[in-house]
Amino acid sequence: MVKSKKPVKAAAGKPRQSAKKKPAARAAARPAPKAKPVAKKAAPGKPAPATPTADPFGERALTAVFTELFRRAATAIPPDVLAALEKAREREESGSVARDTFDVLIENTRLAREDSRPICQDTGMPFFEVAVPRGASLGAIERAAVAATRAATKAGYLRPNSVDSLTNKNPGDGAGRGMPIVHVHEGKGKTLSAHLILKGGGCENVGSQSALPNVDLGADRDLEGVKKVVLEAIFNAQGKGCAPGVIGFCFGGDRANGYNEAKRQLFRKLDDANAEPAIAAMEAELLEKGNLLGIGPMGYGGKTTLLGVKGSYLARLPASYFVSVSYMCWATRRAGVDVLPSGKAVYSQ
Ligand code: SF4
């Protein structure tokens, strides 16, 4: 039988010291190095916890913020859009295809939100508008948007949605030449403000641009002419843009800026009123007339073809009069975030 060694008792209150410490004991006696913060993994379907950083507008911090912005935009329909879908459902006859379709769309949004999964299989073209405080690095913001696109794709919030148009290859990470689209400009104040929309290919395909006058439509270079071509674009979209849609339109500008300004209107909430009374009146009229077309949800027929119409205008050359229309599908995905100088991110939809 092996006798067990008795533990050596230290005098009360004093740790026992050996005259000469062995190497292992010396190592144990050294103060433990400070543990590096370990990035906590997100639970499935939950956002990754934010990591505090010294530079709230730097690439690293903004990558985390933009990744969460992607998660929110891709998986949670904005409250005003959901309310509009629910209202539209109520307007349809019980048992009609239109009402059943709205039931499916609304249930789809509920499941997506609960599971943090994309609302639609096409997670769309990311389009950022970012206003930055003076002195912030524009390059850092652009790089963060690209890194966040890759992170959100890896996390499954986005489908690998970028195709190299030259090689027809999909790199698999959601990023590419000109993707995501990032517009950065200097804002007022010390807060960085970023807004993101995800615009699917189906609805992007039915956007349009016309040059007035348009003889076929009897559309002259005036506001009546503008309304005629916008309405024509809504009619031509039918169900292909996954109605009911939200229309952004712009008259004036050159071709490129006209399209951009039309798309920018899609950041607006459905219930906001245009500050310009003439355009507010156009928006209301087009919404009413668009809904009389009877195209209905997904083109199955019904009382709601549009959830909203938002317009704007730009100066033009005397020789040009463009009307640009950007069509957003029922899955109107948008989200915003304000990043305060403290690094705190305040999200909105
Ligand atoms: S148009 Fe919208 S709803 Fe339709 S497939 Fe594309 S993203 Fe989805």
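Visitor: Which residues have the most contacts inside the largest nonpolar core?

Guide: This is a predicted model, in which local features need pLDDT of at least 70 and side-chain atom pairs count only at pLDDT 80 or more, while totals for chains, interfaces and linings use all residues. Residues are numbered from 1 along each chain as its sequence is written. A nonpolar core is a set of buried Ala, Val, Leu, Ile, Met, Phe, Trp, Tyr and Cys residues joined through C-beta atoms within 7 Å, where buried means that 20 or more other C-beta atoms, placed from the backbone, lie within 10 Å of a residue's own. The largest such core has 81 residues, and those with the most contacts inside it are Val-65, Phe-66, Leu-69, Phe-70, Leu-196, Val-230 and Ile-247.

Visitor: From which helix does the largest share of this core come?

Guide: Helices are DSSP runs of H or I with at least four residues, strands are runs of E with at least two, and both are numbered from the N terminus. The core draws at least three residues from each of domain 1 (53-76 + 119-200 + 332-349) and domain 2 (201-330), the bounds being those of an automatic or database domain assignment. The largest share, 9 residues, comes from the helix at residues 59-75, namely α2.

Visitor: Which residues does Ile-247 touch?

Guide: Two residues are in contact if their C-beta atoms, placed from the backbone, lie within 7 Å. Leaving aside residues up to four places away in sequence, Ile-247 touches Val-230, Ile-234, Leu-286, Leu-306, Val-309, Lys-310, Val-325 and Tyr-327.

Visitor: At what angle do the axes of α7 and α9 cross?

Guide: Axes are lines fitted to C-alpha atoms, for helices over the stretch in contact, and angles run from 0 to 180 degrees between N-to-C directions. On that basis the axes of α7 (residues 223-237) and α9 (residues 277-291) come within 11 Å and cross at roughly 35 degrees.

Visitor: Which residues of α7 and α9 make the contact?

Guide: On the α9 side, the contact is made by Ala-278, Met-282, Glu-285, Leu-286, Lys-289 and Gly-290. On the α7 side, the residues are Leu-223, Lys-227, Val-230, Leu-231 and Ile-234.

Visitor: Is Cys-242 buried or exposed?

Guide: Cys-242 lies in the loop between α7 and β5, and has a positive phi of about 55 degrees although it is not a glycine. Because 22 other C-beta atoms lie within 10 Å, Cys-242 counts as buried.

Visitor: What distance separates the C-alpha atoms of Pro-56 and Ala-345?

Guide: Pro-56 is in the loop between α1 (23-29) and α2, and is buried, with 20 other C-beta atoms within 10 Å. Pro-56 touches residues including Val-339, Pro-341, Ser-342 and Gly-343. The C-alpha atoms of Pro-56 and Ala-345, although 289 residues apart along the chain, are separated by 9.2 Å.

Visitor: What is omega for the cis peptide bond that joins Met-179 and Pro-180?

Guide: Pro-180 has its place in the loop between α5 (138-155) and β2 (181-186). For the cis bond joining Met-179 and Pro-180, omega is about 5 degrees.

How values were computed: Buried ≥ 20, exposed ≤ 12 C-beta atoms within 10 Å, placed from the backbone.
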